[in-house]
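Here is a short note to read alongside the coordinates. The points are grouped by region and can be checked one at a time.

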Amino acid sequence: MENLLSLSFDYLSSCDGVKIRKGLRQLEGLLAQICLSRTTTAAERRRSVIQDGVSKSRPKDLASLSEDPAFREFFKLQEGFEWNVAIRLISCLERLLGKGSNGQNDLLLVSSLDLLRGVLLIHPPSRSLFARDIYMNLLLDLLDPSSCPAVQASAILTLVTALLEQPNITRCFENLDGLLTVTSLFKNRGTGREVKLKLVEFLYFYLMPETPYGGQNHVADEQTGLRRSSSKSSRIGSGGRGKTQGEEGTRTTKEKQKSLGRYLNNVEDLVEDLKETAPFGASFA
């Protein structure tokens, strides 16, 4: 696996778009092998074709990953800087962003963001990278009104993934005027309907009650049979602004409503919608 990652990283560090695309495809193939189950029998393959029209692999359930040597090896490799995929994708995004907006470059940006989201979901400790100003600012730069709508939409989803169950990173987002960036894009007349819908979804997510760090991750660790030491998880994101959850703490929906209200009207309507729908079983008591 190290050889495959090394080759992919070499391609991602290139200035040639063709090589970057090749590196992204290699990483996509690796993640697909880790996360998808192949249909093992002819009957299963025929059933898949009949139901979906094409032969598809099925996602593995979380519990089964603890028995998957490839997943365990990948997870452990991500704990150190040398083989961490997220940091390589972030570096690739920085170079692509510096090239400006054009058709091919925008496609590479979207592909890089899609892969980054997958890595952040597979390896939650990599989210700690976005506790650093420089990396959070990168995501916010991708939300510039001049960016391609597809890039903006993908960046919003990636921002959600980075903030998921990470109150300290949410504080970094707030400290860097992330709310101003998001609401300015929402109020911009040139912003398309699809992107505005994604922005509204993000605001709903932002206003939800915050899960203390380690709450849901602990459950995931039990299911996958993998645990990480605090020293390992901090190694990836060390050297930045990020503080521990105990230092930064969580904020209530009411507190975040007040912050968002500085930039947007009728925030109380969003909160009322959240209380009525209670997504993901969230409690607003």
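**Notes on the model**

1. Start with the loop between α15 and α16, where Asn 266 lies. The model is predicted. Asn 266 has a positive phi of about 60°, although it is not a glycine. Its relative accessible area is 48%, so Asn 266 is partly exposed.

2. Helix α15 covers residues 253-260 and helix α16 covers residues 267-277. Their axes come within 9 Å and cross at roughly 150°. The pair is therefore roughly antiparallel, since an angle over 145 degrees counts as such. The crossing of α15 past α16 is right-handed.

3. Which residues make the contact between α15 and α16? On the α15 side they are Thr 253, Gln 257 and Leu 260. On the α16 side they are Val 267, Glu 268 and Val 271. By class, this contact has three nonpolar, two polar and one charged residues.

4. Asp 177 has phi near 60°. Asp 177 sits in the loop between α9 (167-175) and α10 (178-187). With 40% relative accessibility, Asp 177 counts as partly exposed.

5. Now the overall picture. The protein chain has 16 helices and two strands. It has 285 residues, of which 43% count as buried. Take the contacts with a separation of 6 or more: residues 24 or more positions apart account for 72% of them.

6. A further helix pair is α2 (residues 17-35) with α6 (residues 103-122). The axes come within 10 Å and cross at roughly 25°. An angle under 35 degrees counts as roughly parallel, so α2 is roughly parallel to α6. The crossing of α2 past α6 is left-handed.

7. What does α2 bring to its contact with α6? The α2 residues are Gly 17, Ile 20, Arg 21, Leu 24, Leu 27, Glu 28, Leu 31 and Cys 35. They meet Gln 104, Leu 108, Ser 111, Ser 112, Leu 115, Val 119 and Ile 122 of α6. The residues of this contact divide into nine nonpolar, four polar and two charged.

8. On cysteines: how many disulfides does a search of the whole structure find? The search finds zero. Cys 15 lies in the loop between α1 (2-12) and α2. Its relative accessibility is 61%, so Cys 15 counts as exposed. Cys 92 has a relative accessible area of 1% and is therefore buried. The C-alpha atoms of Cys 15 and Cys 92 are separated by 9.2 Å. Along the chain, Cys 15 and Cys 92 are 77 residues apart.

9. One more cysteine belongs here. Is Cys 172 buried or exposed? Cys 172 is buried, because its relative accessible area is 2% and buried means under 20%.

10. Turn to helix α8 (residues 149-163), which holds Thr 158. Thr 158 has a relative accessible area of 0%, so it is buried. Leaving out residues up to four places away in sequence, Thr 158 touches Leu 113, Leu 116, Arg 117 and Leu 139.

11. Leu 139, one of the residues touched by Thr 158, is found in helix α7 (residues 133-141). At 2% relative accessibility, Leu 139 counts as buried. Which residues does Leu 139 touch, not counting residues up to four places away in sequence? They are Leu 113, Phe 130, Ala 155, Thr 158, Leu 159 and Ala 162.

Technical notes:
Residues numbered from 1 in each chain as written. Predicted model: local features only at pLDDT ≥ 70, side-chain atom pairs only at ≥ 80, totals over all residues. Heavy atoms only, no water. Disulfide = S-S within 2.5 Å. Buried < 20%, exposed > 50% of the residue type's maximum accessible area, 1.4 Å probe, protein only. Axes fitted to C-alpha atoms, helices over the stretch in contact; angles between N-to-C directions. Helix = DSSP H or I, 4+ residues; strand = E, 2+ residues; numbered from the N terminus. Parallel < 35°, antiparallel > 145°, perpendicular 65-115°, else oblique. Left-handed = near helix turned anticlockwise from the far one by under 90°. Contact = heavy atoms within 4.5 Å. Nonpolar A, V, L, I, M, F, W, Y, C, P; charged D, E, K, R; others polar.
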